[in-house]
Amino acid sequence: MKKTIKALKVTSLLSFITLAFVACDKDFSTLESDIQGSQNFSTDSEKLAVITYNQKFAPVQTNGLSSNLLGAYKDPVYGLTTASIVTQAALPVGSYDPDFGDSPELVSVILTIPYFSTLESTTDGESIYSMTAKDSLYNGDSEIKLSIYENGYFLKDFDSENVEEFQKYYSNANTTINFDSHIEATLLETEGTIENPHFKPSPAEITITTGEGDDEEEEKLTPRFRRELNISTNYWQNKFFAKEGMSELSNANNFKNYFRGLYFKAEAVNEDGNLILLDFSSATIELNYTNDTGEVDDELNPILEDQTLQINLTGNRVNIFENVDDDNTIITADAAANTVDGDHKLYLKGGEGAMAVVDLFDTADTDNNGMFDAYEDFIATYKDQRLINEANLVFYVDQEATAAFTKDQEPNRVIIYDLKNNIPVVDYFLDLTNSIEPEESRDYHSTILERDSDGHGVKYKIRLTEHLNNILLRDSMNLKLGLMVTTNANEILQFSTFESDDKVTSGTVMSPKGTVLHGGNSNVAEENRVQLEIFYTEPKN
């Protein structure tokens, strides 16, 4: 996709710049002189006021994500959000125009979608897995009602108004597409009974047994959603077996238009639920059937052969987010945003949520020369006169507003974005601290949430040293930044917002979490207020 190529180019360029001229120790160090008894410089620090205010996201683009959210998430501040999914389907390469053999009879239809999980241990052939928010599971204690339908809406690859651009689909069904109006058939609808339980993810290993007696075999599977779909009607026979040899199953394009995929609709039960990231890269529908071999056994019964038609859940895929409680907290904060003096509280939420806009320097322009006064003062004070050793923004969690959050509900990571160029700031690219745990990558530039002894969030620190040096050395005017929660600091692809120029990172779209921070308004207690702290070296006259 074009946006992917663009992001990769930016990353590659900045990585090259990094290797070309960056060689630094992460730890702050003080310059020293070998000449005893004198120093021709001094070190100090100062704090500068910044303006921070709330901005709600318009519906966000949700097709093209690396994984997708399904379920219901109850947030103590932002209320209940449900996440549903619409996905296309395709046959594996070489499986089009299938031959079902003589007298095919459907035995079962199995839908399988793996979870993201962590293997903890294996004992006597039994594997123990965990699923936490670090893997994929959020609010995992309650069931949800899950309905699975055949989707009748065709998800296009390209924008019909500009065939050179990929089609974008957005998170709010009321804004773009109401998939409830395009249901073709009901394939599963949970009832909350023993026979048909509601959906609740389990970290348990799955064992599949096939064959009988000496031919019995066991297959072990990682934790996953695995459910039989309804075969009580002739839906599957008519949809597939009756189309043998016809154009509908003959090639990928025809198949995609004929069977337009599945619609997974999630609904909360008792205003609660669970929310999980699903791995659609290995998601399948298996149509298990038998056909007649034309031979008989010793008792003259027809010998049947087991067969399977596999359907992959690949292609376009869209997440649908519904803020069931109308997201009043964010809407109110956005409507009342104080863009002049800054807001007292900053409301951050992933998905179709909100960010905090950060103006690095006061936006007053008393001499009407087109440049902010504080920006001019900064240039006059620092350019050619001071060396910036380190510059930080520290955001303090409003522990009173987030008192009802559990430890797992507070986001571990935030990311700051250059809103002028719609990319992370240069410090992000210069931070090469990567980890096998995505949540821990690039944690020098943007630290993991610092917590107190009770596990409650205290603060996030964002280092902007090179961003400020760019402003000084290149007269950059990239002064407006966006602070967002993210589920993965490596997920930085740009995702559009509906009828807006704003961009959101892919990691933000996939994060259900939110938090509340103290803002930069001067009425906020100074120990909690957002300020730009600069450590600098200055030559002595």
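How many salt bridges does the structure hold? The structure holds 12 salt bridges, a salt bridge being a side-chain nitrogen of Lys or Arg within 4 Å of a carboxyl oxygen of Asp or Glu. Please keep in mind that this is a predicted model, where local features need pLDDT of at least 70, side-chain atom pairs count only at pLDDT 80 or more, and totals for chains, interfaces and linings use all residues. Residues are numbered from 1 along each chain as its sequence is written, and side-chain values use heavy atoms, with hydrogens and water left out.

**View A. Asp157 and Lys256 meet in a salt bridge.** Their side chains come to 3.5 Å, N to O. Asp157 sits in the loop between strand 9 (144-151) and strand 10 (158-159) and Lys256 in helix 3 (residues 252-258), so this pair ties together parts 99 residues apart in sequence. Helices (H or I, at least four residues) and strands (E, at least two) are DSSP runs, numbered from the N terminus. Asp157 is partly exposed, at a relative accessible area of 33%; buried means under 20%, exposed over 50%, and partly exposed in between (1.4 Å probe, protein chains only).

**View B. Glu538 pairs with Arg386 in a salt bridge.** Here the N to O distance is 3.5 Å. Glu538 belongs to strand 32 (residues 531-539), while Arg386 lies in the loop between helix 5 (373-382) and strand 23 (387-396), so the pair links distant parts of the chain, 152 residues apart. Glu538 is partly exposed at 24% relative accessibility, whereas Arg386 is buried at 18%.

**View C. Glu46 joins Arg386 and Glu538 in a network of salt bridges.**

**View D. Lys243 forms a salt bridge with Glu248.** The closest N and O atoms of Lys243 and Glu248 are 3.5 Å apart.
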